[in-house]
Amino acid sequence: MASFRNPSLRNIISGAAPYLRASQRRWAQVHDVRFLATQQSDRVLDKYKEKLTQKAKQEGLRDINELKEVYKDKIQNQKNASMPIPTVDVPPTSPPSPESLSSPFPPPPPAPQVPAAKVPSSNPGIKTLSSYIDIEKTRALPEKELEAIWRLRHAHDAQSLCAVIPLPVYKTLEATAKKFPHFVLPLPKEGHGAEIHFLQWTFPAENTVTVLFTHLAEYKLRGEFSQPHTTITHHLELAEDKQIVLLQGQVVEGRGVSVDEAKWLVMCLQKFYGVSGETSERRRLLEMFGKGDAAFKVEDLLEEAEKII
């Protein structure tokens, strides 16, 4: 894999450092800790000087200094007793496996949780099918008309993707996705070889399944905080009645991927997660990536992705 080094980023960071240091000099106040400790000690002595002098005479000592010397060990023990050392329970961590240390890819995030019970989602961030069409009115339409309405619904948005997937085809995709929720796909770039993109399946709601596509370089840099350039959503509200799943996607403008390139990634996803992905070689690559196997080769990935079927 190529090393992700950005000279301009280093210049920005190094250029900002003097400014930050100047701000610290302007606002920070530096104190000598030893001076503060001595000041505090002197104030205590002044406050109790008369009583300490009387105590020294009762003990048959000349002055306060001798009294301090006699009680030095007792004073130190009191200080230690009043300053307990906090302890932190650190759970034991298992050492990384040799395979994960030698793998060129970052470890994927935890597998997404699949909703166990069919409870309607109340998450306002999730767009359900009702956000796009009137489900009840559409349910009564023939499949041809439904597909036409779905495509017309997204025709005005140049950055959108849409499709109608037969339910048996989708079930194969979903079954494979639950086993292998994370994978990488190549995107050919003319004159620049191929870019590698990271994909992640999520199951946020009963009738909503999404796929997030992110530049691998972005994911390696920011992990789970990386921003996807393309989001694909499968809507299952009409799956039982009409035996179809409606797909809707959005390509974020300015993230380095065109709509046509996003279509290529979706088609490539179908090769690995669909019926054709059940071939031994494609399934082997999914399994190897899922395990973090160091034997996973990008060359094999490119070869399988470029096959027509």
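The axes of helix α12 (residues 259-273) and α14 come within 10 Å and cross at roughly 100°; axes here are lines fitted to C-alpha atoms, for helices over the stretch in contact, with angles running from 0 to 180 degrees between N-to-C directions. That angle makes α12 roughly perpendicular to α14 (65 to 115 degrees; angles under 35 count as roughly parallel, over 145 as roughly antiparallel and the rest as oblique). On the α12 side the contact (heavy atoms within 4.5 Å) is made by Trp-264, Cys-268, Lys-271 and Phe-272, and on the α14 side by Leu-301, Glu-304 and Ala-305. Sorted by type, the residues of this α12 and α14 contact come out as five nonpolar, no polar and two charged. For that sorting, Ala, Val, Leu, Ile, Met, Phe, Trp, Tyr, Cys and Pro are nonpolar, Asp, Glu, Lys and Arg are charged, and the others, Gly among them, are polar.

All of this comes from a predicted model, in which local features need pLDDT of at least 70, side-chain atom pairs count only at pLDDT 80 or more, and totals for chains, interfaces and linings use all residues. Residues are numbered from 1 along each chain as its sequence is written, and side-chain values use heavy atoms, with hydrogens and water left out.

Helix α14 (residues 298-305) also meets helix α13 (residues 280-291): their axes come within 11 Å and cross at roughly 140°. That puts α13 oblique to α14. The crossing of α13 and α14 is left-handed, meaning that the near helix is turned anticlockwise from the far one by less than a right angle (clockwise would be right-handed). Glu-281, Arg-282, Arg-284 and Leu-285 of α13 make the contact with Asp-300, Leu-301 and Glu-304 of α14.

Stepping back to the whole chain, the secondary structure comes to 14 helices and six strands, taken as DSSP runs numbered from the N terminus (helices H or I, at least four residues; strands E, at least two). Among contacts with a separation of 6 or more, 60% come from residues 24 or more positions apart.

Which residues does a buried strand position such as His-197 touch? His-197 sits in strand β3 (residues 194-205) and has a relative accessible area of 0%. Beyond its neighbours within four places in sequence, its contacts include Phe-183, Val-184, His-215, His-229 and Leu-265. The C-alpha atoms of His-197 and Val-184 are separated by 5.4 Å, although the two are 13 residues apart along the chain. The His-197 side chain also makes a polar contact with the side chain of Glu-195 at 3.2 Å; such a contact is a pair of N or O atoms within 3.5 Å where, within protein, one must be able to donate a hydrogen and the other to accept it, and residues adjacent in sequence count only if both atoms are side-chain atoms.

Thr-208 belongs to strand β4 (residues 208-215) and is buried at 2%. Its C-alpha atom is separated by 6.8 Å from that of Thr-128, 80 residues apart along the chain. Thr-128 is also one of its contacts, along with Ile-126, Phe-203, Thr-233 and His-234, leaving aside neighbours within four places.

His-154, finally, is found in helix α8 (residues 143-154) and is buried at 6%. Its side chain reaches the backbone oxygen of Trp-150 at 2.9 Å. Not counting residues up to four places away, His-154 touches Tyr-132, Ser-160, Cys-162 and Gln-248.

Note on methods:
Buried means under 20% relative accessible area, exposed over 50%, partly exposed in between (1.4 Å probe, protein chains only).
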